[in-house]
Amino acid sequence: MTISTYSLPALPYAYDALQPSISAQIMELHHSKHHQTYVNNLNAAIGSYATAIANSDIPAQIALQAAIKFNGGGHINHSLFWQNLAPADSADANPDGAPTLMAEIAATWGTFDAFKAAMAKTLLGIQGSGWGWLVKDGRSLRIITTKDQDPVVGGEVPIFGIDMWEHAYYLQYLNGKAAYVDNIWAVINWKTAEERFKGTAQDAFKVLKESMASA
């Protein structure tokens with residue numbers, strides 16, 4: 001039986017490239033420790049699941065699904081997250097680079113500022129750990145949240161996500177997550193957001209195939 005395993009994707013920028021919005025210390029820990037742990041645990045769970053299938057061990061298969069969902073979601077969400085960020089001084093971080101998406105945002109929320117306010121309200125309303133997402137649902141844009149590491153896999157296209165787990169901001173912002181939300185707008189990769197808006201869910205998730213190997 002061929003087993004797919006995953007590796008930690010390289011960042012498209014240096015750990016200090018998103019400062020001052022996100023510190024180098026946070027980026028290094030978030031990427032090399034937290035995301036790596038999700039990858040390691042996902043690979044272990046997939047291996048155990050393959051063994052359970054080979055042994056026709058249905059109880060073990062069922063028991064492993066939670067670990068696959070949590071760690072697989074962590075790998076998916078973070079892989080998308082790294083790509084939807086960009087250094088503030090780069091062309092990719094300029095909203096003008098997403099004209100089609102910006103037009104739809106204006107049609108949906110009226111103004112870009114109104115959209116950011118709606119997104120911030122949703123992000124700051126998350127109880128516990130989770131993610132906030134701008135998604136394309138059919139022809140429409142929506143702001144949604146997912147709990148813990150649940151990914152966007154219901155058919156919507158994830159335009160961009162914002163990690164609201166404490167490990168994404170606490171070392172720099174402490175309990176001031178509103179400041180984290182305010183500052184992350186400076187490092188959103190609007191070029192990637194435009195590409196995802198024009199594409200499909202499969203296009204967005206192609207980053208996972210790039211981290212996959214067979215064993």
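Contact here means heavy atoms within 4.5 Å. The model is predicted: local features need pLDDT of at least 70, side-chain atom pairs count only at pLDDT 80 or more, and totals for chains, interfaces and linings use all residues. Residues are numbered from 1 along each chain as its sequence is written, and side-chain values use heavy atoms, with hydrogens and water left out.

Select Ala 168. This residue sits in the loop between strand S4 (157-163) and helix H5 (170-173); helices (H or I, at least four residues) and strands (E, at least two) are DSSP runs numbered from the N terminus. Ala 168 counts as buried because its relative accessibility is 3%, where buried means under 20% relative accessible area with a 1.4 Å probe, protein chains only. Neighbours within four places in sequence aside, Ala 168 touches Ile 26, His 30, Asp 163 and Tyr 180.

Next, select residues 5-86. UniProt lists this range, in an unreviewed entry, as "domain: Manganese/iron superoxide dismutase N-terminal"; such annotations may be inferred rather than shown by experiment. The stretch is 70% helix and 2% strand, with its end C-alpha atoms 27 Å apart.

Then show helices H4 (residues 112-124) and H6 (residues 177-184). Their axes come within 10 Å and cross at roughly 145°; axes are lines fitted to C-alpha atoms over the stretch in contact, and angles run from 0 to 180 degrees between N-to-C directions. Which residues of H4 meet H6? Ala 120, Leu 123 and Leu 124 do, against Lys 177, Ala 178 and Val 181 in H6.

Note on methods:
Buried < 20%, exposed > 50% of the residue type's maximum accessible area, 1.4 Å probe, protein only.
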